[in-house]
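Please read these notes with the model open beside them.

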Amino acid sequence: MGPKPKGVGIVKNYFQQKAKIRQLSAKVNQQNNEIAEQQTTINQKDDEIRRQQTVINTHTPIQISEADPFPTLTPGRVAELRRMPYEEYLQTPEWKQRTRMMRARFDNRCQTCNSNGGGRPLEVHHRHYDDVGYEKPTDLTVLCRECHQLIHRMRD
Ligand SMILES: [Zn+2]
Ligand SMILES: [Zn+2]
């Protein structure tokens with residue numbers, strides 16, 4: 001038996017090389033897909049972090065200064081407001097002034113979701129009812145209607 005004809009070896013080698021190249025490029029494609037998937041995950045995490053940062057930046061509660069209280073009333077008027085039924089108190093000029101001052105202090109933003117109420121006036125919520133009629137600013141907070149209703153559903 002003599003040596004194989006040279007041409008056969010070259011053709012075989014050529015097909016082996018081609019198969020190897022196909023395998024390698026399949027591997028490269030697979031790795032590219034994995035990288036793309038990882039990039040998507042990274043982008044999603046970046047998005048999430050940006051959203052959280054926005055919430056932190058826009059939703060840091062404004063500190064209410066006790067040095068900036070509501071206007072002082074006479075003891076007689078305070079007693080009157082204290083005696084009033086709650087619904088009646090909510091109609092008084094004193095309560096209306098307090099709600100206006102609270103909305104201004106919180107820059108017209110709901111203190112839960114940061115909404116501006118979408119055209120409806122924000123509501124002023126009693127954090128507790130101990131001081132009704134002579135509230136301090138820290139007894140109150142400002143909420144959109146949705147968050148206000150949610151808080152009362154959770155609480156009542
Ligand atoms: Zn809200
Ligand atoms: Zn309320």
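1. His 125 has Thr 141 of strand S2 as its bridge partner. S1 and S2 run antiparallel and are joined over 4 bridges; two strands are taken as paired if DSSP finds at least two bridges between them. Helices (H or I, at least four residues) and strands (E, at least two) are DSSP runs, numbered from the N terminus.

2. This is a predicted model, in which local features need pLDDT of at least 70 and side-chain atom pairs count only at pLDDT 80 or more, while totals for chains, interfaces and linings use all residues. Residues are numbered from 1 along each chain as its sequence is written, and chains are lettered from A and ligands numbered from 1 in the order in which they are written.

3. S2 is covered on both faces: Leu 140 and Val 142 are buried on one side, Thr 141 and Leu 143 on the other. Buried means that 20 or more other C-beta atoms lie within 10 Å of the residue's own, exposed means 12 or fewer, and partly exposed is in between; C-beta atoms are placed from the backbone. In a regular strand, side chains alternate between the two faces of the sheet.

4. Thr 138 sits in the loop between strand S1 (123-126) and strand S2 (140-143). Thr 138 is partly exposed because it has 13 C-beta neighbours inside 10 Å.

5. Is the length of helix H4 (residues 93-105) what 1.5 Å a residue predicts, or what else? The 13 residues should span 18 Å, and the end C-alpha atoms are 18 Å apart, which agrees. The expected span is 1.5 Å times one less than the number of residues.

6. Asp 107 counts as exposed because 10 other C-beta atoms lie within 10 Å.

7. Asn 114 is also placed in the loop between H4 and S1. Asn 114 is not a glycine, yet has a positive phi of about 70 degrees. With 16 C-beta neighbours inside 10 Å, Asn 114 is partly exposed.

8. The protein chain has 5 helices and 2 strands, in the order α-α-α-α-β-β-α from the N terminus. Of its 156 residues, 8% count as buried. Among contacts (C-beta atoms, placed from the backbone, within 7 Å) between residues at least 6 apart in sequence, 61% join residues at least 24 apart.

Key: Contact = placed C-beta atoms within 7 Å.
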